[in-house]
Amino acid sequence: EHASRPSIHRTMAKRLVPLLDRVLVKRLEAPKSVGGILLPESSTNKLNEATVVSAGPGRRDKDGAVIPMGVKEGDKVLLPAYGGSEIKLGDEEFFIFRDEDILGVLKD
């Protein structure tokens, strides 16, 4: 039963469509070991990389035209060190950022 829970939470997260120019992201986890050596939690800082889970339609300019988003679902992005609103779905953490706060898209 526990094995199916993460997929249920991801489905719940994909159903959450942020409003306007907001983006729902899942931070990438920092490695817990390097070369087989277990690292203490204090030395594994949160990575500033995340995957876009869903994105809003974009904000509107003063004339009412939609300004398109700079990111889309599945993009790997670089986040600022601070900011965003934390959201918990089950035991998983997600964050909501504004499109303009995302620093960039990471290409392969």
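Me: Which order do the strands of the open sheet have?
Reply: The open sheet has 6 strands in the order β6-β7-β1-β4-β5-β8, with antiparallel pairing. Keep in mind that this is a predicted model.

Me: Which strands stand at the edges?
Reply: β6 (85-89) and β8 (104-106). Each has a single partner strand, so one side of each is left without a neighbour in the sheet.

Me: And what does the twist average from one strand to the next?
Reply: The average is 45 degrees.

Me: What holds strands of a sheet together in general?
Reply: They pair through backbone hydrogen bonds, in a parallel or an antiparallel way.

Me: Back to this one. How many bridges join β1 to β4?
Reply: There are 5 bridges between β1 (residues 22-27) and β4, and the two strands run antiparallel.

Me: How many bridges for β1 and β7?
Reply: That antiparallel pair has 4 bridges. Arg22 is found opposite Arg98 in β7.

Me: Is β7 mostly covered or mostly uncovered?
Reply: Mostly covered. Strand β7 (residues 92-98) has 5 of its 7 residues buried.

Me: What about β6 and β7?
Reply: They are antiparallel too, with 5 bridges. Leu89 has Glu92 in β7 as its bridge partner. The two strands form a hairpin with 2 residues between them, where Gly90 takes a positive phi near 65 degrees.

Me: Change of topic. Where is Asp75?
Reply: Asp75 sits in the loop between β4 (49-55) and β5 (76-78).

Me: Buried or exposed?
Reply: Asp75 is buried, because its relative accessible area is 11% and buried means under 20%.

Me: What does its side chain reach?
Reply: The Asp75 side chain reaches the backbone nitrogen of Lys72, at 3.0 Å.

Me: Which residues is Asp75 in contact with, leaving aside neighbours within four places in sequence?
Reply: Ala50, Thr51, Val52 and Val105.

Me: Now the whole protein. How many helices and strands?
Reply: The protein has 1 helix and 8 strands. Along the sequence, the pattern is α-β-β-β-β-β-β-β-β.

Me: What share of the residues is buried?
Reply: 28% of the 108 residues count as buried. The protein exposes about 7500 Å², and carbon and sulfur atoms supply 55% of that area.

Me: And what share of the contacts comes from residues 24 or more positions apart?
Reply: Such residues account for 65% of the contacts with a separation of 6 or more.

Key: Residues are numbered from 1 along each chain as its sequence is written. This is a predicted model: local features need pLDDT of at least 70, side-chain atom pairs count only at pLDDT 80 or more; totals for chains, interfaces and linings use all residues. Side-chain values use heavy atoms; hydrogens and water are left out. Buried means under 20% relative accessible area, exposed over 50%, partly exposed in between (1.4 Å probe, protein chains only). Contact means heavy atoms within 4.5 Å. Accessible areas come from the Shrake-Rupley method with a 1.4 Å probe; for residues, only the protein chains shown count as cover. A polar contact is a pair of N or O atoms within 3.5 Å; within protein, one must be able to donate a hydrogen and the other to accept it, and residues adjacent in sequence count only if both atoms are side-chain atoms. Two strands pair if DSSP finds at least two bridges between them. Axes are lines fitted to C-alpha atoms, for helices over the stretch in contact, and angles run from 0 to 180 degrees between N-to-C directions.
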